[in-house]
Amino acid sequence: MRYGDFTPFDIVLLLQGLGVSLALFVSTTLIGLVIGTAWAVIRFYRVPVLMQAVTFVAELLKNSPVLVQLFLVFFGLPAFLKINVTPTEAALITLSGNSAAFIYVIAVSAIESVGRDQIEAARVFGLTRWQILRRVIAPQATAFAIGPLTGLLVNQLQVTSLISVIGVMDLTKVGNILNLRTLKPFLVWTAVGLLYYLTAKLVTYAGARFEKRLRAHTAWKGL
Amino acid sequence: MKFDLSILAKHIPFLLEGAWLTLQACALAVIGSLVLGLVVGAMRTSASPLLNRLAAIYIDIFRNIPFIVQLFFFYYGLPEIGIYIDAFTTGVVALSIAGGAFTSDVIRSGILAIDPGVIEAAQVSGLRKITIFRKIILPIALRASVRPLGSVFINLILTSSILSTITLNELTGSAKIVASNTFRPFEVYFVLLVAYAALTYSVSILIGMLHRYLNRHQEEGAV
Amino acid sequence: MISITGLRKSFGAATVLNGIDLEIRQGEVVSVLGSSGSGKSTLIRCINGLEKIDAGKITVDGFDVSKPRELSEARKRSGTVFQLFNLYPHMTAVQNVALAPIEVLKVPRKQAEAEARELLHSVGLTERADAYPSQLSGGQRQRVGICRALAMKPSYLLLDEVTSALDPEMTSEVLSILAALAKTGTTMVFVTHEIEFARSISSRIAFLDKGQLIADLPTEEFFSATGMALPRVAQFLSKMRKD
C-alpha cells in the first residue's frame with residue numbers, strides 16, 4: 001500500500017463526512033425529542049407499569065456507554081433476531097434511543113419546574129390534564145428546557161463520532177481513512193477536531209439565540 | 001434464538017481482567033483529571049487575565065471536540081513526534097485531559113460559590129495566598145463539588161469504553177473478543193451494558209455517601 | 001498607632017470616603033458612629049487592606065497598607081471582627097481560632113490549639129470549642145469571631161458592626177465581652193450602631209457623615225453641648241434615641 005499526500009478531494013471527503021455526522025445528529029435528535037417527550041408525558045399521566053418501564057430503560061441507557069449500546073444493536077440484534085441491521089440503521093436506532101433517555105430527564109425536570117400551584121389553579125378552572133399540559137405547562141417547560149437541551153445537543157453531537165467504530169462514513173471515519181493514507185495524524189485530527197468544534201459552537205450559538213427569542217416572547221411587555 | 005447467559009460463564013475470568021483494567025484506567029484518570037481540574041480551576045478563578053484566558057481556552061477545546069478524536073490525536077500523533085507510550089498510558093492521559101476540562105468547570109463553580117467574606121477573613125488574618133487556597137478555598141469548594149464531580153467521574157467510566165478503539169482490552173475490548181469467540185454478541189453486550197450500569201450506579205451511591213459524610217456539619221447552612 | 005491622612009475612596013461614581021484624617025493611639029477605644037451609608041464600614045475595610053484606597057495614606061505602626069510588602073506586617077498588627085462573622089465553615093471553633101497563629105506566627109499546632117481553647121474558655125465557649133459554625137448560635141459564632149481576631153495578639157482590634165446581625169439577647173452577650181476587653185486596655189476601632197454602648201466603653205467618638213469626618217471628640221464632649229452644637233450630630237443622636 002502506498003501512502004499518499006493530501007489531495008484537494010480530501011476536503012470534499014471531510015465535508016461529506018461532516019454531512020453524514022450532521023444528518024445523523026439532526027435526525028436522531030428529532031426522533032429522540034419525540035420519544036423522550038412521549039416518555040415524559042407517560043410519566044406526567046402516571047401510567048402504571050409503562051412509567052416504571054420507561055424510567056428503567058432511560059436509567060439503563062444513561063448509565064451505560066453508547067459504544068456498548070451501539071455494539072448491542074449492530075452486532076447483537078442481527079445475531080439474536082436473525083435480521084439484517086446496516087451500520088446506518090444501528091447508528092439511527094442507538095443514537096435516537098440514547099438522546100431520548102437524556103431528553104426524557106430534561107423534560108421531566110422541565111415539567112416539574114412549573115409550580116404545583118399553577119397546575120392546581122388550572123384544575124380549579126376545570127381544565128383537563130391534557131389542556132393543562134398543552135396550555136400551562138408546555139410553554140413554560142420549553143423555555144426552561146432550552147438551556148439544558150443545548151448542553152445535551154453539544155454532547156450528542158460528539159457522541160455521533162462513535163458510529164465510526166461500526167463503519168458509518170461520518171467525519172471521524174473519514175479522519176481515520178485520511179490518517180491511514182497520509183500518515184499525518186496531527187494535521188488530520190486537528191482538521192477533524194476543528195470541524196467538530198465549529199459545529200459545536202454553532203449549536204451553542206443557535207441554542208442561545210433560540211432561548212433569547214423564547215424569553216423575549218414570554219417577557220412581560222406591559223399592558 | 002434462545003437468550004442463554006450460561007455460555008458466558010467460562011469467559012467470566014477473562015472479562016474480569018478487562019474490568020480490572022477499566023478500573024485501573026479510571027482510577028488513574030480520576031486522579032489525573034482532579035489534579036488538572038484543580039490547577040485549571042484555580043487558573044480560571046485567578047486574578048491574572050492571562051492564566052484565566054488560557055484556562056478558558058483549554059476547557060473550551062476539550063469540551064467541544066469528541067473524545068474519540070482527541071484519543072486518536074494522541075494515539076496516532078504522539079509517536080510522530082517521538083513520544084512512544086503504550087495504549088494504556090495514552091488512554092489514561094487522554095481521559096485525564098478531557099476529564100480535567102469538565103472537572104475544572106466544576107471546581108470553578110465551587111470556588112465562585114464560596115462566601116467572599118470567608119476569604120476576606122482569611123486575608124485580613126495575614127494568611128498567604130497559597131495557604132488561603134489550600135486551607136480555605138479548596139476544602140470548601142471540594143465539599144460543595146462532590147456530587148457534580150461524581151457525575152463527571154461516572155462519565156469518565158462510560159467514556160473509558162472508547163479506549164477499546166486503540167487496541168486496549170479493557171472491559172469493552174475484552175467483551176468484543178468474547179463476543180466474536182462465542183458468536184453470542186447479544187448476550188455478551190447485554191451483560192456488558194448491565195455491568196456498566198451496575199458499576200456507575202454503585203459509584204453514584206458511594207458518591208452520595210461521601211457527600212453526606214463530608215458535609216455532615218454543614219446541614220443547616222451558614223448564616 | 002493607626003494613622004489615616006487624606007483618605008479618599010469611591011466606588012464608581014459614588015464617593016464613600018472624602019478626605020478622612022484620623023489617628024488611633026495605643027490603648028484608645030474609638031467608636032465610629034454615623035448613619036448607614038456614611039462610610040463607616042468602608043473605613044475599617046481600608047484599614048485592613050480589603051479595599052484599595054484612591055488617595056491618602058493609612059499606616060499601622062508605620063506600615064503602609066497600600067504597599068503589598070507592608071500590608072502583611074500591618075495585618076499582623078490588627079485583627080478584624082466581621083458583621084456576618086465570616087467563620088471558616090469547614091473548621092471547628094478551635095480550628096477557626098488556631099489557623100492563623102499556626103500558619104502565620106508558626107506557633108506549634110498543639111500550643112496554638114491550647115491557646116485557642118483558653119480564649120474560647122474566656123468567652124464562655126468551653127463546651128462548644130469543637131463545634132462547627134453551623135452548630136453554633138449567632139452570638140456564639142461572633143464570640144468565636146472575636147477569639148479568632150484575638151488569637152493573633154493584635155495591637156488593634158477592628159470591629160465592623162459586630163452586633164448588627166444579632167438579636168438583642170445575643171447582642172448583649174457579645175457586648176459584655178467587648179466591655180471586658182476594653183477594660184484590659186485593648187485598642188479598638190469600633191464601628192457600630194449601639195450608641196449607648198459606644199458611650200460606655202469609648203474614650204473617643206469619631207462621627208462620619210457623607211464620607212467626611214465631621215466630629216472627632218472625647219466621648220463625653222461628643223454627647224454634651226459640644227457635640228450637640230453640630231446640627232448633624234444632634235439630628236443623628238435624636239433619631240437614634242427614638243429608634
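The dialogue below walks through the chains, their contacts, and the sheet and helices of one predicted model.

Colleague: Which conventions should I keep in mind before I read anything off this model?

Modeller: The model is predicted, so local features need pLDDT of at least 70 and side-chain atom pairs count only at pLDDT 80 or more, whereas totals for chains, interfaces and linings use all residues. Residues are numbered from 1 along each chain as its sequence is written, and chains are lettered from A, with ligands numbered from 1, in the order in which they are written.

Colleague: How many helices and strands does chain A have?

Modeller: Helices (H or I, at least four residues) and strands (E, at least two) are DSSP runs, numbered from the N terminus. On that basis chain A has 8 helices and 0 strands, and its C-alpha atoms fill a box of roughly 75 × 50 × 20 Å along the principal axes. Of its 223 residues, 39% are buried, where buried means that 20 or more other C-beta atoms lie within 10 Å of a residue's own, exposed means 12 or fewer, and partly exposed lies in between, with C-beta atoms placed from the backbone.

Colleague: Which chains have the most contacts between them?

Modeller: Two residues are in contact if their C-beta atoms, placed from the backbone, lie within 7 Å. Of the 2 pairs of chains that touch, chains A and B have the most contacts, and that contact takes 32 residues from chain A and 29 residues from chain B. On the side of chain A that touches chain B, the elements giving two or more residues are α3 (66–81), α6 (129–159), α7 (171–182) and α8 (185–218) of chain A, with α3(A) giving the most, 10 residues. By class, this side of chain A has 20 nonpolar, 10 polar and 2 charged residues; here Ala, Val, Leu, Ile, Met, Phe, Trp, Tyr, Cys and Pro count as nonpolar, Asp, Glu, Lys and Arg as charged, and the others, Gly among them, as polar.

Colleague: In what order do the strands of the open sheet in chain C stand?

Modeller: Strands of a sheet pair through backbone hydrogen bonds, either parallel or antiparallel. Two strands are taken to pair if DSSP finds at least two bridges between them. The open sheet of 6 strands in chain C has the order β6-β7-β8-β3-β9-β10, with mixed pairing. Because β6 (78–81) and β10 (212–218) of chain C stand at the edges with a single partner strand each, one side of each is left without a neighbour in the sheet. The twist averages 15 degrees from one strand to the next, with axes fitted as lines to C-alpha atoms, for helices over the stretch in contact, and angles running from 0 to 180 degrees between N-to-C directions. Within the sheet, β3 (residues 29–33) and β8 (residues 187–191) of chain C pair in the parallel sense over 4 bridges, and C:V29 has C:M188 as its bridge partner in β8(C). Helix α5 (residues 138–150) of chain C packs on the sheet, touching β6 and β7 (156–160) of chain C, and its direction makes about 170 degrees with that of β6(C).

Colleague: Is C:T80 buried or exposed?

Modeller: C:T80, in strand β6 of chain C, is buried, with 29 other C-beta atoms within 10 Å. Not counting residues up to four places away in sequence, C:T80 touches B:V124, C:N48, C:A149, C:L158 and C:D160. C:T80 and C:L158 are 78 residues apart in sequence, yet 4.6 Å apart in space, C-alpha to C-alpha.

Colleague: Which residues of α6(C) are buried?

Modeller: An α-helix has 3.6 residues a turn, so residues three or four places apart point the same way. In α6(C) the buried residues are C:V174, C:I177, C:L178 and C:L181. They cover an arc of only 95 degrees around the axis, which puts them on the same side of α6(C), the arc being that of the directions from the helix axis to the C-beta atoms. On the other side of α6(C), C:P168, C:E169 and C:K183 are exposed, while what covers the buried residues includes α5 and α7 (195–201) of chain C.
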